[in-house]
Amino acid sequence: LICGLATHNGHLRRSGSVWGEDFVLSDAALVEPAECFAMTYVETMAIGRETFLRIVETHKDTCPELKRRVRRFCIWLAF
């Protein structure tokens with residue numbers, strides 16, 4: 001969330017908040033809905049799974065630990 005106020009799953013979200021990070025999981029059944037309700041004017045940013053994974057792959061040489069961290073995060077989310 002760039003600016004504004006929104007609610008997501010009963011929690012108030014403000015500038016800097018992040019949700020929907022489970023988009024990296026390959027099993028769509030494990031991904032929770034990312035819908036939210038804008039309380040004020042909001043600006044958001046979003047990135048799709050394929051774009052994110054392409055960026056991770058692009059930077060595997062300059063940041064070799066990135067791919068391992070994403071994999072570990074996926075495992076953590078799945079359980």
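Colleague: How many residues line the largest pocket, and which lie nearest its centre?

Modeller: The lining of the largest pocket consists of 18 residues. Nearest its centre are Val18, Trp19, Met45, Ala46 and Ile47. Please bear in mind that this is a predicted model.

Colleague: How much space lies in the largest pocket?

Modeller: The largest pocket holds about 490 Å³ of space.

Colleague: And how do the residues of its lining divide into nonpolar, polar and charged?

Modeller: For the largest pocket, 13 of the lining residues are nonpolar, three are polar and two are charged.

Colleague: Where does the largest share of that lining come from?

Modeller: Helix H2, which covers residues 64-78, supplies the largest share of the lining of the largest pocket, with three residues.

Colleague: Let us turn to the second largest pocket. How much space lies there?

Modeller: The second largest pocket contains about 250 Å³ of space. Its lining is made up of 16 residues, and Gly20, Glu21, Asp22, Glu32 and Leu77 are those nearest its centre.

Colleague: What is the lining of the second largest pocket like by class?

Modeller: Nine of the residues lining the second largest pocket are nonpolar, three are polar and four are charged. Here too, H2 is the source of the largest share of the lining, with three residues.

Colleague: A change of topic: what is the pattern along the sequence?

Modeller: The chain reads β-β-β-α-α from one end of the sequence to the other. In total, the chain has two helices and three strands.

Colleague: In what order do the strands of the sheet lie?

Modeller: The three strands make an open sheet, ordered E2-E1-E3, with antiparallel pairing. Strand E2 (11-13) and strand E3 (37-38) are the edge strands, and each of them pairs on one side only.

Colleague: Over how many bridges do E1 and E3 pair?

Modeller: Strand E1, residues 6-8, pairs with E3 over two bridges in the antiparallel sense. Within that region, Ala6 has Ala38 in E3 as its bridge partner.

Colleague: Now the charged side chains. What is the count of salt bridges?

Modeller: The count comes to five salt bridges. Among them is the pair Glu50 and Arg49, whose closest N and O atoms are 3.4 Å apart.

Colleague: Is Glu50 buried or exposed?

Modeller: Glu50 counts as exposed, since its relative accessibility is 55% and the exposed class begins over 50%.

Colleague: Which residue meets Lys60 in a salt bridge?

Modeller: The partner of Lys60 is Glu57, with an N to O distance of 2.7 Å. Lys60 counts as partly exposed at 38% relative accessibility.

Colleague: And what about Glu57 itself: in which helix does it lie?

Modeller: Glu57 belongs to helix H1. With a relative accessible area of 34%, Glu57 is partly exposed.

Colleague: How far is Arg72 from Glu57, in sequence and in space?

Modeller: Arg72 and Glu57 are separated by 15 residues in sequence, and their C-alpha atoms are 15 Å apart in space.

Colleague: Finally, the chain as a whole. What does the C-alpha trace span along its principal axes?

Modeller: The C-alpha trace spans about 40 × 25 × 15 Å along those axes. The chain has 79 residues, and 15% of them count as buried.

Colleague: Among contacts between residues at least 6 apart in sequence, how many join residues at least 24 apart?

Modeller: Of the contacts between residues at least 6 apart in sequence, 59% join residues at least 24 apart.

Terms used
Residues are numbered from 1 along each chain as its sequence is written. This is a predicted model: local features need pLDDT of at least 70, side-chain atom pairs count only at pLDDT 80 or more; totals for chains, interfaces and linings use all residues. Side-chain values use heavy atoms; hydrogens and water are left out. On a 1 Å grid over the protein atoms alone, a cavity is a set of points where a 1.4 Å probe fits but cannot get out, and a pocket is an open set with protein on both sides within 12 Å along at least five of seven lines; lining residues have an atom within 4 Å of a point. Grid points are joined across faces, edges and corners, and a volume is the space filled by probe spheres set on the points. Helices (H or I, at least four residues) and strands (E, at least two) are DSSP runs, numbered from the N terminus. Ala, Val, Leu, Ile, Met, Phe, Trp, Tyr, Cys and Pro count as nonpolar, Asp, Glu, Lys and Arg as charged, and the others, Gly among them, as polar. A salt bridge is a side-chain nitrogen of Lys or Arg within 4 Å of a carboxyl oxygen of Asp or Glu. Buried means under 20% relative accessible area, exposed over 50%, partly exposed in between (1.4 Å probe, protein chains only). Two strands pair if DSSP finds at least two bridges between them. Contact means heavy atoms within 4.5 Å.
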